[in-house]
Amino acid sequence: MKYLKNRRIIVLMLLIAVLAINFSSCDKFIKNEKSEITKNEETIEDINDSKNEAKLLLMLSKDNQDAITLSQILKDKLEKDSIAELAKTIEDTHIYVAKTYNDVASKALISIPNYSELSEKQTIENDNVKIASQLKSKIDSQLFLLEQLSKTTKNKEFKKLVNTTNSKLKSSLNKTKNIINNLNTNS
């Protein structure tokens, strides 16, 4: 009888041990599954962030190429005017910015255009104030897009890009405003 009682106790203890191990295994399985779900969500978030960074960089590049084209047109149209030098410095600044965009894009394996989508014939037919206003609009757009990029990115290269180009674009914007003021005054 004592033997049966001891045997029942041992069986009961084994049963409790098996149940405890089973619950522990389930708990680990649930934690592993939650961990896997969290990793997948983080991966999806990283992919979406990269897509947004690429879109913003593409838009920045397009506006920058348009700014280069517009400043070249202004420079050429105002060839004999002192404002032409201002347009040349804007062009040089945006060529530098384009190189910066290309460097960051190539490191991030992003393909961006190196050409303007503006119709040069259509733009040349505009008066100088209109061209300068278009240039101002393109620079304003770039500044806005840089702000969006700085808010959304975690990438160090993109943060560096924002810091490097922001002040240069603000300088171009001020020069463009000066050109517009000079053109309006001389008209």
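**Figure 1. Ala-132, a buried spot in helix α4.** With 0% relative accessibility, Ala-132 counts as buried (buried is under 20% relative accessible area, exposed is over 50%, and partly exposed lies in between, using a 1.4 Å probe and protein chains only). Ala-132 belongs to helix α4; helices here are DSSP runs of H or I with at least four residues, strands are E runs of at least two, and both are numbered from the N terminus. Skipping residues up to four places away in sequence, Ala-132 touches Leu-74, Thr-176, Ile-179, Ile-180 and Leu-183, where a contact means heavy atoms within 4.5 Å. Ala-132 and Ile-179 are 47 residues apart along the chain, yet their C-alpha atoms are separated by 7.0 Å.

A word on the model: this is a prediction, so local features need pLDDT of at least 70 and side-chain atom pairs count only at pLDDT 80 or more, while totals for chains, interfaces and linings use all residues. Residues are numbered from 1 along each chain as its sequence is written, and side-chain values use heavy atoms, with hydrogens and water left out.

Figure 2. Thr-176 is found in helix α5 and counts as buried, because its relative accessibility is 0%. Once neighbours within four places in sequence are set aside, the contacts of Thr-176 are Ile-90, Ala-132, Leu-135, Lys-136 and Ile-139. Three of those names come back in the next view: Ala-132, Leu-135 and Ile-139 are among the buried residues of α4.

**Figure 3. Helix α4 from end to end.** What span should the 25 residues of α4 have at 1.5 Å a residue? The helix covers residues 128–152 and should span 36 Å, and its end C-alpha atoms are 36 Å apart, so the two agree (the expected span is 1.5 Å times one less than the number of residues). The buried residues of α4 are Asn-128, Ile-131, Ala-132, Leu-135, Ile-139, Gln-142, Leu-143, Leu-145, Leu-146 and Leu-149. For reading such a list, keep in mind that an α-helix has 3.6 residues a turn, so residues three or four places apart point the same way. Confidence in the protein is highest in α4, at a mean of 92, and lowest in helix α3 (residues 120–125), at 65; the score is pLDDT, the predictor's confidence in each residue, from 0 to 100.

Figure 4. Thr-153 sits in the loop between α4 and α5 (156–186). Beyond residues up to four places away in sequence, Thr-153 touches Glu-53, Phe-158 and Lys-159.

Figure 5. Glu-157 lies in helix α5 and counts as partly exposed because its relative accessibility is 30%. Leaving out residues up to four places away in sequence, Glu-157 touches Val-104 and Lys-107. Glu-157 and Asp-103 are 54 residues apart in sequence, with 9.6 Å from C-alpha to C-alpha.

**Figure 6. Helix α2 and the residue Leu-109.** The 25 residues of α2 (residues 83–107) should span 36 Å at 1.5 Å a residue, and the end C-alpha atoms are 37 Å apart, so this helix agrees with expectation. After α2 comes Leu-109, with a positive phi near 60°. Most residues other than glycine have a negative phi. Leu-109 is in the loop between α2 and α3 and, at 79% relative accessibility, counts as exposed.

**Figure 7. Lys-168 over the ring of Tyr-96.** The charged end of Lys-168 sits over the Tyr-96 ring, 4.8 Å from its centre; that takes NZ of Lys or CZ of Arg within 6 Å of the ring centre and within 35 degrees of the ring normal.

**Figure 8. The whole chain, for context.** The protein has 5 helices and 0 strands, running α-α-α-α-α from the N terminus on. Of its 187 residues, 32% count as buried. Among contacts between residues at least 6 apart in sequence, 83% join residues at least 24 apart. The average pLDDT is 81, and 77% of the residues score at least 70.
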